[in-house]
Amino acid sequence: MNPVNYLYLAALLFAIGATGVLIRRNMIVVFMCVELMLNACNLAFVAFARLHGNLDGQIIAFFTMVVAAAEVVVGLAIIVSLFRSRHSASVDDASLMKL
């Protein structure tokens with residue numbers, strides 16, 4: 001398969017993720033859309049690495065996966081904490097954290 005097709009798929013996945021972040025109000029769904037955008041970036045990095053014939057993109061994709069794993073831990077802890085205190089997973093309720 002041509003690596004350019006992977007770039008088109010990455011762009012489509014990123015657009016779906018960005019649309020989900022902008023439209024949805026549930027924190028879990030927004031969180032999953034951010035993960036989808038990170039995976040689209042990883043796919044683009046690996047496709048560019050394959051296109052240019054070096055491993056730099058794959059190494060960057062590996063570091064992106066590490067950052068995504070750390071983001072999952074911290075993000076889910078924040079979401080669970082907000083859900084316990086407010087009994088809702090809405091993004092609008094999280095904006096009320098300001099005093």
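So, what share of the contacts with a separation of 6 or more comes from residues 24 or more positions apart? In this protein it's 57%, with contact meaning heavy atoms within 4.5 Å.

Quick housekeeping before I go on. This is a predicted model, so local features need pLDDT of at least 70 and side-chain atom pairs count only at pLDDT 80 or more, while totals for chains, interfaces and linings use all residues. Residues are numbered from 1 along each chain as its sequence is written, and side-chain values use heavy atoms, with hydrogens and water left out.

Okay, the overall picture. Along the principal axes, the C-alpha trace spans about 50 × 25 × 20 Å.

Now the surface. Of the 99 residues, 27% count as buried; that's under 20% relative accessible area, with exposed being over 50% and partly exposed in between, using a 1.4 Å probe and protein chains only. The accessible surface comes to about 6,800 Å², and 72% of that belongs to carbon and sulfur atoms. Areas are Shrake-Rupley with a 1.4 Å probe, and for residues only the protein chains shown count as cover.

Charges, briefly. There are 6 positive and 5 negative ones, and their mean positions sit 6 Å apart. Lys and Arg are the positives, Asp and Glu the negatives, with His and the chain ends not counted; the place of each charge is NZ of Lys, CZ of Arg, CG of Asp or CD of Glu.

On to rings: the structure holds 1 aromatic pair. The centres of the Phe62 and Phe63 rings are 5.9 Å apart and the planes are at 65°, so the pair is edge-to-face. The test here takes rings of Phe, Tyr and Trp (its six-membered ring) with centres within 6.5 Å; planes under 30 degrees apart are stacked, over 60 edge-to-face, and the rest tilted.

Let's zoom in on helix α3, residues 56-86, where we find Gly57. Gly57 is buried, at a relative accessible area of 10%. Its C-alpha is 4.6 Å from that of Phe45, 12 residues away along the chain. Skipping neighbours within four places in sequence, Gly57 is in contact with Phe45, Val46 and Ala49.

Gln58 is also in α3, but counts as partly exposed at 39%.

Last stop, the loops. Asn54 lies between α2 (27-52) and α3 and is partly exposed at 34%. And His87 sits in the loop between α3 and α4 (91-94), exposed at 65%. What is the phi of His87? About 55°, positive although His87 is not a glycine. Most residues other than glycine have a negative phi.

Terms used
Helices (H or I, at least four residues) and strands (E, at least two) are DSSP runs, numbered from the N terminus.
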